[in-house]
Amino acid sequence: MWLGVLLPFLLCSSLEGQENSFTINSIQMVILPGPQVQNGDNLTLQCIVDISSTSYVTPQHWVLFYKDDVLLHNVSSTESPESYFIPHARVYNAGIYKCTVILNNKEKTTSEYEVTVKGVSSPRVILDKKEAIEGGVVMVYCSVPEEKAPVHFTIEKVELETKNVKQKREKTSQNQNSVMLEFTVEEQDRLIYFLCQASIISGKHVETSEIIKSELVTVRESFSNPKFNIQPEGMIIEGDQLNIQCTIQVTHMAPASPEIIIQKGKAIVAHRKQTNEATYSVMAMVEHNGNYTCKVETSRISKVSSIVVNITELFSKPKLESSATSLDQGDILDLWCSIPGAPPANFTIQKGDKIVSLAQNFTTKASEWDSGAYTCVAGIGKVIKKSNTVQITVCEMLSKPRISYDSKSEVIKGQTIEVNCQSINGTPPITYYLLKTNSILESRTVNSNEPAVFRDNPTENAEYQCMADNCHSHTEMISELLPVKVIVPVNKVELSVLSKEVVESGKELVLRCSVNKASTPITYKFYREKEVRPFYEVVLNETQGFWLKTQASMEQEGQYYCTASNRANFAKNIPQSNVLAVRVFLAPWKKGLIAVVVIGVIIAVLVLGARYYFQKKAKAKQMPVEMSRPAVPLLTSNNEKMLSESNTEANRPYVGYNEDIGNHAMKPINENKEPLTLDVEYTEVEVTSLEPHEGLGRRGTETVYSEIRKANPGPQQRWSQAQPDPQEHHLQNLNSNRFPEVSDADNH
């Protein structure tokens, strides 16, 4: 028996000595009564856990409940299932639920379950008063105590009799589950009540409560509807005293005294405050016919009444007529006033506020002072009526317009000028026409006697005229002619040679500087290239200027240009011509003359050389003979002269021959050559030489004849002495009838 008792104990002891093993088989959540519940129902969440273990006892474990991933409830338990109870579920209890079991270091979580709570708990409506007055306010308090914010409230004011919603207001309370709103009591309100509804957003859905009705509110009038009282009663005739009165009744509960306003159309004709009535009093006229409105207003209340007033006309409105509305000065102005039916009345005719006639008619000789607005006033008893307005214009004839332009100096081409046209006398508005070369250029209308200003840019000489016209029946007035001289500046210059750019020496050289169409006088200046100052300057009334060199030489060869300007050209904007190259060549006869002179010089050099050669040779032959002669006394001067002449004559060579050094033969110089047509002159030259072996007592004198040839005049020389050509004679008269002298041109 002890063995039986001890065996279980030993078995348990052996198991306790061993380590327990466990595992979580499964976990699930059950929602009761279901995942969707009505607002106010109870809600139970059950977490069912299945655990296996080596021990006979379920191990201790933790069960955790979550809502929207936020820990809601936790419990340590050995039981399964474990529950979480939510009494009277509200909208804020809706969400995503799950549960988790933790056993030592092991845990397992269920899937997520969505719980929906349908509907919102019924709101409560509380009013601050059950009786209100027109223009007052009612405070409405609406709440859902069982719900959590945010809550959206909708409150409506409803008329009991018509069930019409008079006013609706909405408001979302973010931090509270209640709201208080103010409603105005209007003048049409009698018995009213309020409706309240709450709405809450739950996930993707909006849950709303039922509509709760408040208690009834009784509305009292603060003042009655306005009433009209018209005096006199019955038919009202022009001239009667008209009284329009508006009255109201105000209760003692009125929060403020109202304002009474009487209107005719949109015009306020009378108004009163702090009283129960307002009156509009006036002498009745036809224009007082119409609809009248009485408004009684406070800050929030406005009540309106209307009435129509009819007034019988005593007499019709007078009519003013005239013979004409536009008259020339000096014409007869005739005005007359009439009333349909011609009742007896008092008439006056006025110009503006000034009475011009106390009768029914007005006649006068029109002057410019009679222009203006005329009216007629007719009266019967106390009734006075004003006629239509007649505008009379008396037109004064225009004086002859004056025309002028503002330029204080000469007008340059393209420059803008202002032409003024003005008639000193005449009734405005005045229309001016500017004529240029008998054509209308522009027109302007001026509402005074000030000048009309026209602008133009003349490019050539022009004549302007001004024509003026106004309301007068006379034809247009025309001014005098206004001539305007336009200075056309020089803008293009050209330099040319009258004949050719290659000029023969000795012939005339004529440079022409021409311009386009420009105003005179024009200043022409001629320059040589790279020279700052002109070598010739002239002022002409022509569009071309000339410079003449009567006998051109090589000095005139080079490059030339010219400038031309008039008073319209500025100093920094003077146009310059093209650069012209001029070449000067020698005449053929001059070339021949130079050749002849060169040849003559060469021949003279040859002759002198030959002469010197023969003289030297002759002296060399005489030297042995003289050395063999005995000494002789000194000769006298006569003997010396004779001897000198004898020796000179003996040693004179023959002119025109050269000595052949090889055979001492004499040959003519011009042998086998054509004869020269030269005139020969001979000149005697004495040559005295001192012989060294004769000492101081002897001298030798030789005579040498040199030959000078003159060339016969050729054809070129004869041409230069001929009379000038008629065309060249005409060119000399282009610049002031004659060209400047050559010497003058060079000096420049």
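Ser143 is buried, with a relative accessible area of 6%. Buried means under 20% relative accessible area, exposed means over 50%, and partly exposed lies in between, using a 1.4 Å probe and protein chains only. The model is predicted: local features need pLDDT of at least 70, side-chain atom pairs count only at pLDDT 80 or more, and totals for chains, interfaces and linings use all residues. Residues are numbered from 1 along each chain as its sequence is written, and side-chain values use heavy atoms, with hydrogens and water left out.

Ser143 belongs to strand S12. Helices (H or I, at least four residues) and strands (E, at least two) are DSSP runs, numbered from the N terminus. Which residues does Ser143 contact, leaving aside its neighbours within four places in sequence? They are Pro123, Arg124, Phe153, Asn177 and Ser178. Contact means heavy atoms within 4.5 Å. Val179 is 36 residues from Ser143 in sequence, yet their C-alpha atoms are 6.4 Å apart in space.

Thr116 sits in strand S9, residues 113-118. Thr116 also counts as buried, at 17% relative accessibility. Residues up to four places away in sequence are not counted here; beyond them, Thr116 touches Pro35, Gln36, Val37 and Ala94.

**Loop backbone**

Positive phi values come next. Asp68 has phi near 55°, a positive value in a residue other than glycine. Asp68 lies in the loop between strand S4 (61-67) and strand S5 (70-77). Is Asp68 buried, exposed or partly exposed? Asp68 is partly exposed, at a relative accessible area of 40%.

Asn438 has phi near 65°, again positive in a residue other than glycine. The loop of Asn438 runs between strand S41 (430-436) and strand S42 (439-446). Asn438 is exposed, with a relative accessible area of 67%.

**A nonpolar surface patch**

Which residues form a nonpolar patch on the surface? Met554, Leu586, Ile594, Val598, Ile602 and Leu606 do, with about 540 Å² of accessible area together. Patches are made of residues with over 30% relative accessible area and no salt bridge; like charges are joined within 9 Å, and nonpolar side chains (Val, Leu, Ile, Met, Phe, Trp, Tyr) within 5 Å. A salt bridge is a side-chain nitrogen of Lys or Arg within 4 Å of a carboxyl oxygen of Asp or Glu. Leu606, one of the patch residues, is in helix H2, residues 588-628. Leu606 is exposed, with a relative accessible area of 59%.

**The whole chain**

The protein chain has six helices and 59 strands. Of its 748 residues, 36% count as buried. Among contacts with a separation of 6 or more, 62% come from residues 24 or more positions apart. The accessible surface of the protein chain comes to about 44900 Å². Carbon and sulfur atoms hold 52% of that surface. Accessible areas come from the Shrake-Rupley method with a 1.4 Å probe; for residues, only the protein chains shown count as cover.
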